[in-house]
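Visitor: I am new to this structure. Could you show me how to read it?

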Amino acid sequence: MEEDAASAESGQAGDPHRRRAAHLYGLIVSGAVLATAADEFRLVRVAIILLCTLAIYWAAETYVHWIALRTLVRRDLTRDERRRIVSDGWPLMAACAVPLLFLGLEAVFGVETPLALDLTLGVNTVLLFVVGWQMGEAGGLTGARLALSVGVSGLLGVALIVLKTLMH
């Protein structure tokens, strides 16, 4: 939190730590929605639920960072600080773009909801592996440490697949 205040005070453009974390978190929440969506739902309904769930999480996270920074700096936030807080959490919403696009394509092609949910959850899991790889490489990880980073991120998606299997 002190870095947020320092970033806000020095005029730096956003919080790259929060943006990366928000993207990963957005994929995890997307996977949770996909894993728990009822097979009886139409794909449009699943897409709306996914989008609304992430919007609520984004709003909540933005609010928490807003009041936390305001408490830390002990003053009203400037317009630029407010804008940064709002935009730094946006990757949480953006993370659902590929799963939403995939759901849309499946709806266009008439894929049945149970199969569509399974396929989209699989795509989301692959994205978790990819983001784990990208974040690990960006953090200078190599070898076993990079593999562990990729594995942990991807296993979050695998855990959601297991959850879906146990629920249905």
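Guide: Here we look at one helix, its packing and the nonpolar core. This is a predicted model, where local features need pLDDT of at least 70 and side-chain atom pairs pLDDT 80 or more, while totals for chains, interfaces and linings use all residues. Residues are numbered from 1 along each chain as its sequence is written, and side-chain values use heavy atoms, leaving out hydrogens and water.

Visitor: How far apart should the ends of H3 be?

Guide: Helices are DSSP runs (H or I, at least four residues), numbered from the N terminus. The expected span is 1.5 Å times one less than the number of residues. For the 31 residues of H3 that gives 45 Å, and its end C-alpha atoms are 45 Å apart, which agrees. Just after H3, Arg-74 has a positive phi of about 55°.

Visitor: Which residues of H3 are buried?

Guide: Buried means under 20% relative accessible area, with a 1.4 Å probe and protein chains only. In H3 they include Val-46, Leu-50, Leu-54 and Leu-69.

Visitor: Which residues touch the most others in the largest nonpolar core?

Guide: In soluble globular proteins, nonpolar side chains tend to be buried together. A nonpolar core joins buried Ala, Val, Leu, Ile, Met, Phe, Trp, Tyr and Cys residues through side-chain atoms within 4.5 Å. Here the largest has 19 residues, and those touching the most other members include Leu-34, Leu-50 and Leu-103. Helices H2, H3, H5 and H7 each supply at least two of its residues.

Visitor: Which residues of H3 and H4 make their contact?

Guide: Contact means heavy atoms within 4.5 Å. Trp-58, Thr-62, His-65, Trp-66 and Leu-69 of H3 meet Arg-82, Ile-85 and Val-86 of H4.

Methods. Buried < 20%, exposed > 50% of the residue type's maximum accessible area, 1.4 Å probe, protein only.
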